[in-house]
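Here is a short tour to read with the model open beside you. Take it section by section, and turn the view as you go.

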Amino acid sequence: MPSAIEVLTGSPFGAQLVEGGLPHFDPLGWDPDLGLDRAIDLLGWTCQRTSSGEVTEAIDRLRRASRSRPVLVGPVDIGLLLHQPWSAGEANGNDHWVVVLAVDDEQVLFHDPDGFPFATLPVGAFASAWNSQKVECAGPFTMRSDFRRVRQVDVLAALRNSLPAAQRWLAGGRQYEGQTQHGALGGGAAVERLAAQILAGLDDRTLGHLTGFAVRVGTRRLSDASLWLGEVGAREAAEVADLQARLLGSVQYSLVAGETQAAAAMLRQLAGTYDDLRTALGAFCRN
């Protein structure tokens, strides 16, 4: 089921590269906060989404909400999650989500899907991560609570209903509101540009982002998409997504080993598959 939710968010259907930013293997204009709202709705659920406020008010709000049921909290800045042994203890702008179970005067109890069930942090430390000043996809102190089912939706039906949006993401995604994103590229064009950057030489930050996060996450998302596209009967699209997962997954070793020519070659093959996936999804949706 978590893998189905990942597909429902729309995350596997594209790639993006904005000038001055880090590369991501998700659609241009997409972000996890937007994807969560979409997945929740597709599955027939609703919730109360709140954000902003002062630290004390936000913690009180979280404490009250968690008394009745778990609360989805995020984004939090993963660099400030001090229970993780690799935490730098400094905000880095990398987003993450956790499920809060309880809050008392001293600590927050939560499940961290990064492999830390029943983790705890002092209230102040948790609030610092939750404040998420460097995270761009949502405001500080964002949380979702009071989840309620408003209609019965089968998971496969939800996935089928998500495919027109997947096509749109592959076609270019959502337009940025109120601003022109100079140098923003999506899909195959973004991946082609990334291949060129790899050949020219990546800075340590971008290389670390790719090898430590973006490639493995993007590969897993594409693998999830292949699985669930097959489950709903979109076999041609499933085969394209499987090829994408294999191509992107093969980039990991090449980047770590410094084999830039091989990494760029795999990415250039990947770049040509985004239109193939959009075409396959379009054919399935028309039937």
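## The sheet

How many bridges join E2 to strand E7, and in which sense do the two strands run? Five bridges hold this pair together, and the strands run antiparallel. Please keep in mind that this is a predicted model. Thr46 gives you a handy point to find the pairing, as Thr46 stands opposite Arg148 in E7.

Zooming out, E2 and E7 belong to an open sheet of six strands, ordered E2-E7-E3-E4-E5-E6, with antiparallel pairing. Strand E2 (45-50) and strand E6 (116-122) are at the edges; each has a single partner strand, so one side of each is left without a neighbour in the sheet. On average, neighbouring strands of this sheet are turned by 35 degrees against each other, direction ignored. Helix H2 (residues 32-42) packs on the sheet, where H2 touches E2, strand E3 (71-77), strand E4 (95-103) and E7. The direction of H2 makes about 145 degrees with that of E2.

## From E3 to E5

Five bridges also connect E3 with E4, again in the antiparallel sense. Here you can look for Val76, which stands opposite His96 in E4. E4 then pairs with strand E5 (residues 107-112) over four bridges, antiparallel as well. In this pairing, Val100 stands opposite Phe110 in E5. E4 and E5 form a hairpin, with three residues between them.

## Two backbone details

Which peptide bond is cis? The bond from Gly74 to Pro75 is, with omega near 10 degrees.

Ser52 is another residue to check: its phi is positive, near 70 degrees, although Ser52 is a residue other than glycine. You will find Ser52 in the loop between E2 and helix H3 (55-66).

## Aromatic pairs

The count of aromatic pairs comes to four. One of them to look at is Trp86 with Phe116: the ring centres are 5.8 Å apart and the planes stand at 55 degrees, so the pair is tilted. This pair links distant parts of the chain, with 30 residues from one to the other. Trp86 sits in the loop between E3 and E4, while Phe116 is in strand E6.

## Helix H7

Does the span of H7 agree or disagree with what its number of residues leads us to expect? At 1.5 Å a residue, the 28 residues of H7 (residues 204-231) should span 40 Å, and the end C-alpha atoms are 40 Å apart, which agrees. H7 also bends, by about 50 degrees, at Leu210.

Both ends of H7 are worth a visit. After H7 comes Gly233, with a positive phi near 95 degrees.

Terms used:
Residues numbered from 1 in each chain as written. Predicted model: local features only at pLDDT ≥ 70, side-chain atom pairs only at ≥ 80, totals over all residues. Heavy atoms only, no water. Expected span 1.5 Å × (residues − 1). Bend = angle between axes of the 7 residues up to and from the residue. Pairing = 2+ DSSP bridges. Axes fitted to C-alpha atoms, helices over the stretch in contact; angles between N-to-C directions. Contact = heavy atoms within 4.5 Å. Phe/Tyr/Trp six-rings, centres within 6.5 Å; stacked < 30°, edge-to-face > 60°.
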